[in-house]
2 protein chains.
Amino acid sequence: NALRKCASAQKSVVIVSPRPHFLYTPLLASSSVGTITLRSACEPLRALVESAASKATSATFVRADAREIDVHNKKVYATTDSDGMGLELSYDKLVIAVGAQPNTFGIPGVQEHGLFLKEAEDSAKLHAKLLSNLEKAAALSHQGNKYATEIDRLLKVVVVGGGPTGVELCAELADFKNHDVVKRYGTDISDRIQIILVEAMPRILMPFDESLANVAKEHLVSKGVEVRTGCGVTYVEGQDVTMQPSTPRTATAEQKAEAASKAKSEEVGALVWVAGIGARPLVKKLAKQLGQTDMRGLKVDETLKVEGTNDVYAIGDCAL
Amino acid sequence: NALRKCASAQKSVVIVSPRPHFLYTPLLASSSVGTITLRSACEPLRALVESAASKATSATFVRADAREIDVHNKKVYATTDSDGMGLELSYDKLVIAVGAQPNTFGIPGVQEHGLFLKEAEDSAKLHAKLLSNLEKAAALSHQGNKYATEIDRLLKVVVVGGGPTGVELCAELADFKNHDVVKRYGTDISDRIQIILVEAMPRILMPFDESLANVAKEHLVSKGVEVRTGCGVTYVEGQDVTMQPSTPRTATAEQKAEAASKAKSEEVGALVWVAGIGARPLVKKLAKQLGQTDMRGLKVDETLKVEGTNDVYAIGDCAL
């Protein structure tokens, strides 16, 4: 839509994105359990650009990863992919709409062993992991009790982050367990699936009204989801997830030590990390160059212009 | 269908497969250019088994990779995945229907750098590669002539193997070039796409009638496919493919040396290997154990019973 509006004047619009599609992220939770196809959450950018381009305007799509912005010379430096060729693109006006990326807060092992829900591939990976674990558990159940511990591990899903994404995902997982899995794998398997929602804050959906959070929590619990609040993940090593009671930033050394003494680790089949978002490297780099102090995004004025620049605007999750 | 027929008696049927779907391989060529979705070529095994199981029979699906067959003790040893748990499955009657796998004839680099068209993932990979190359070429074309050589490399597709799969794939690629690519990327890009079919024999579709092969060849050429017969790939290193005139097995040392002196290498965007099939390790292992001499598959009698066994049958590409 924005593209169509720009396109009504005599302009040349260039869309630069490393993804060939526009992704509607709220649908990722559904696609990760197979309720909708991933395709439904992706709108191909090339076709979109094509249909939005009018005769008066040229609109083109460049599949490339913007790496650096030179606000003085009005240039964007991009590469065609991670080890690709360099591109230099000039602009008159620049709109930065790169969104955000998962933030693991530096907790060891999360990046390597966790699953995420931010990109289309994340959802496909989570879906594949869930199905693969189910098939393995079903296959192992043909050998009697020999693999009971492994079956329980395979069927334990931990979702870290009690925000809207985590809550939505747990609800989808619960539906998946109670319907699809019952139908396809039988109750022997579905009954053994454990879904655990982990939130470091004292309650889920912290930015929302408490009454709303309570309704959501009761709903999840009624569907068989275990909700662990005030609980933080401190360490992940392969299938092994270590958790302990979370402490506020103001906690004393004794309080922290006491929390640490309660640390427990458990083996899980899947760890999904939806606990926070942070700025993308491009955004951090530009914020730093502009002398901005908040590295969570780009500070903009009331017209969405990035402070300290001319003709550069930021919208969405990358704007503060 | 076979399952439904078995299921009409009081039997218990267990299907063992590492893939969760039945794959209709002839559709892979179409799905690799996006004409049909990969989903259309895959029939989910679990649902199939479920619908075929009647009240009189139990049919179950076990997602596992059969690794070894003990025909004396009537057992199949399988693992849940490549580094998975071991399963031991007993049988009264065993049907081996594992198909075949690509055969690279030991040509260096093909396994590592080539793309194939035998499994669902192969088709998805080829599709992703084609689109990624197109997007890169389109992005690079925004920098004038700076990247002309790289654009031509990205848009060069070599298909090795002039059998039905190779011919079908080249026809699909030509349609993709002449329709989808023209529409989405414009003629500047589509005109630069090169599709090359390489066949070691003097003509394509060798097992078929020569008149049929000629019609197919003319059709491909008319669509812009370059057909190189009597040409063999000898070496692949990254994007670099080396080819030379092929020599018959009876060629003299001089003839071989002359062919080798004509070797040329070229950089390609994609190398698709559809030049031959061979037996899967499970089949080779069993054939060897049974003292069979032809390692291309399992020798069966007129009832499809594997020679030298009781109650073991082989069907499809794994039977000779």
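Modeller: Two strands are said to pair if DSSP finds at least two bridges between them. With that in mind, please note that the model is predicted.

In chain B, three strands make up an open sheet in the order β5-β6-β7, and their pairing is antiparallel. At the edges stand β5 (65-70) and β7 (86-90) of chain B, each of which pairs on one side only. Direction ignored, neighbouring strands of this sheet are turned by 25° against each other on average. Strand β6 (residues 75-79) of chain B is joined to β7(B) by five bridges, and the two run antiparallel. Within this pairing, B:A78 stands opposite B:L87 in β7(B). In general, the strands of a sheet pair through backbone hydrogen bonds, either parallel or antiparallel.

A charged pair also occurs in chain B. B:R67 and B:D65 form a salt bridge, in which the closest N and O atoms are 3.3 Å apart. B:R67 counts as partly exposed because its relative accessibility is 34%; B:D65, at 27%, likewise counts as partly exposed.

Chain A contains an open sheet of three strands in the order β5-β6-β7, again with antiparallel pairing. Its edge strands are β5 (65-70) and β7 (86-90) of chain A, each pairing on one side only. From one strand to the next, the twist averages 25°. Five bridges connect strand β6 (residues 75-79) of chain A with β7(A), the two running antiparallel. The bridge partner of A:Y77 in β7(A) is A:E88.

A:E88 also takes part in a contact between side chains. It forms a salt bridge with A:K75, the closest N and O atoms being 3.4 Å apart. This pair links distant parts of the chain: A:K75 belongs to strand β6 of chain A and A:E88 to strand β7 of chain A, 13 residues apart. A:E88 counts as partly exposed because its relative accessibility is 41%.

The side chains of A:R192 and A:D152 meet in a salt bridge, at 3.0 Å from N to O. A:R192 lies in the loop between α9 (187-190) and β11 (194-199) of chain A, and A:D152 in helix α7 (residues 148-154) of chain A, so the pair ties together parts that are 40 residues apart in sequence. A:R192 is partly exposed, with a relative accessible area of 29%, and A:D152 is partly exposed at 33%. Over all chains, a search of the whole structure finds 32 salt bridges. In general, side chains of opposite charge can pair when their charged atoms come close.

One residue of strand β10 (residues 156-160) of chain A also deserves mention, namely A:K156. A:K156 is buried, because its relative accessible area is 13% and buried means under 20%. Leaving aside residues up to four places away in sequence, A:K156 touches A:Q194, A:I196, A:E266, A:E267, A:V268, A:G269 and A:A270.

Note on methods: Residues numbered from 1 in each chain as written. Chains lettered and ligands numbered in written order. Predicted model: local features only at pLDDT ≥ 70, side-chain atom pairs only at ≥ 80, totals over all residues. Heavy atoms only, no water. Helix = DSSP H or I, 4+ residues; strand = E, 2+ residues; numbered from the N terminus. Axes fitted to C-alpha atoms, helices over the stretch in contact; angles between N-to-C directions. Buried < 20%, exposed > 50% of the residue type's maximum accessible area, 1.4 Å probe, protein only. Contact = heavy atoms within 4.5 Å. Salt bridge = Lys/Arg side-chain N within 4 Å of Asp/Glu carboxyl O.
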